[in-house]
Amino acid sequence: MLQSPQARTTEKSRRLFERANKYLVEGVSSPSRSTANYKPYPIFMKRGHGSKIYDVDGNEYIDFMMAYGALSLGHAYPKIVDVVKRTIEEEGSHFATASEIEADVAETMCHKFPDVEKVRFTNTGTEAVMAAVRVARAFTGRKKIIKFEGAYHGWYDDLCVSAHARPPDNLGYYNDPIKNIESSGIPDEAFVNTMVVPWNDSDILERKISEQKGEIAAVLIEPIMCNMGVLLPKEGYLQTVREITEKSDILFIIDEVNTVVKLALAGAHEFYDIDCDMSTYGKALGAGFPIAAIGGRSDIMDTMRWGGALHYGAQNANNLGLNIVKVNLEEFQKPRMYQKLFALSQKLKDGIKECLDRAVVSGIVQGEGPIFQIFFTEKKSIQNYREFCAYVDRDIYPKFVYRLFERGIYTSPSASLHWTVSPVHTSEEIDATLKAVADALRAVKST
Ligand SMILES: Cc1ncc(COP(=O)(O)O)c(C=O)c1O
C-alpha cells in the first residue's frame, strides 16, 4: 500500500545533504545524483529489497531506476545474497590471479553471446569501452572513432565528444554534427579523433566514412540509445550500419552496457540478431556489482596480449563479482524469464500511455522490453538527438517525477534517462504505479 503524498517527509535527506555537501563534491559521487537532477536536494537511500527502495526517512518507493539499470534482479535478490555470503565466507573476495570462475563465466559468454569468441573482464562500462577503443586502434592501426550524436559511452576523453543530452544553442544541420562537450579538461585531439554522425541516418554515416577512408578504426554504437531517453533504431538500421562497416573494413563495436541481460542475455545485438566485431558489457552484467567485460572476435581480442594494446587492472575479474555474474546469467536463462519480463513491461508501458491519453497530456512511451522512457512531446516518435532536443519537454519531466516520488515511485528525474522493469516487479506493483502516474499527471497539470 503506497503512502499518501501528505504522509511523507524527506527532512532527514535534507539534513544529510547539508552534511554530505561539506565533504563530498556536490554531496554525491556522480553529478547525475546531484542537484543537477534532484531538486532541492537528493533523496538519500538507505536500503533496497526486491523491487523497493527505502530512504533515510523511512519512505518506501517502487524502484524503476534500479541503479541506472544495473540491478537486473532487483535489490538483494535471494540467490545473489546467498552467493555473496557463500563466496565471501568460503573463498574470499578477490585474488587478482588466474581463477576458475573467470574461465567459467567467459566460457558461458563465449557459448551464449553471439560474436563473443574471447572475453576480457574489467570493472565499469567506461573501462570496457575505453579498452575496446584502444584495441580497435591497435588492431587497425588507425586513430579515428565514429560515434553517434548525443550518445554516452562513459566519461573517457574521446567519448565525451557529443555525449550529453543537454542541447547546444544552435543545432545546425545534420551534416554539421554537434561536437559539444560537457567537460573541461578534455584535450583538443578528442575532437579530431572522434567523429560524430546522427543516429538513424545511414547515408551520412556512409558519406563520413568515404570522406575519411583509411583513418577510421571503428564505429561505436549503442544499439538502443538509452541516454537521451530511449531512442530505438529504425527498422533495418543496425543491419545497414553493420554492412557499411564490413564493406569499409572498419570494426563495429556494439556497446551493450545498458542492454546486456535486459533485452536478451547478450543484449540488443542478440535481440535484433546483428553481428559485430566487439561488444562491451557492464551494469546489469554484475546485477549491481561492478563487473564489466569486453568480448569479441578472437583475432581482435588477442590484440590485448602482453606487448599489444595494454589493459591492466588490479580489480579485474573480481572473484565475488564473477560468482555473482554466474548466478545472474543462470537466472536469465530460466524458461520464460524474458516472456514474463517483457509482458510485465508491456503492461506498464501500455498503462502509462493510457494515463497520458486520459489526462490529455501529449506524450509517448518509447522503448523496447523493460527499458523505456516517457517523452512529453507532440511527436509520435523521437528518432535522434536533435528531435529529442527540439521536441521533448525536458522541464516538465522532472516535475512529474518529483510528484511520483511523493507517491512512492522512484525513477530518475532526468528526461535523458529511462525506466527499467525487472523480473522482481509484480503485476500489483504495476497497477499501483499506474495509479500513481495518473495522480502525478493530474498534479502536474493542475500546477
Ligand atoms: C551505453 C553506456 N556505455 C558506457 C557507460 C559507462 O558505464 P559506467 O557508468 O559503468 O562506467 C554507460 C553508463 O551509463 C552507458 O550508458
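Strands here are DSSP runs of E of at least two residues, helices are runs of H or I of at least four, and both are numbered from the N terminus. Two strands count as paired if DSSP finds at least two bridges between them.

I noted that this is a predicted model, where local features need pLDDT of at least 70, side-chain atom pairs count only at pLDDT 80 or more, and totals for chains, interfaces and linings use all residues. Residues are numbered from 1 along each chain as its sequence is written.

I checked Phe372 and found its bridge partner in strand 14 to be Trp419. I then traced the open sheet: three strands in the order 11-12-14, with antiparallel pairing. Strand 11 (364-368) and strand 14 (419-420) are the edge strands, as each pairs on one side only.

Next I looked at the ligand. The shell around the ligand holds 15 residues, and Thr124, Gly125, Thr126, Gly154 and Val257 come nearest. A residue is near a molecule if its C-beta atom, placed from the backbone, lies within 6 Å of it. Helix 5 (residues 125-140) gives the most to this shell, with three residues.

Last, I looked up the whole protein chain, which has 15 helices and 14 strands. I read that 49% of its 447 residues count as buried, meaning that 20 or more other C-beta atoms, placed from the backbone, lie within 10 Å of the residue's own.

Technical notes. A residue is buried if 20 or more other C-beta atoms lie within 10 Å of its own, exposed if 12 or fewer, and partly exposed in between; C-beta atoms are placed from the backbone.
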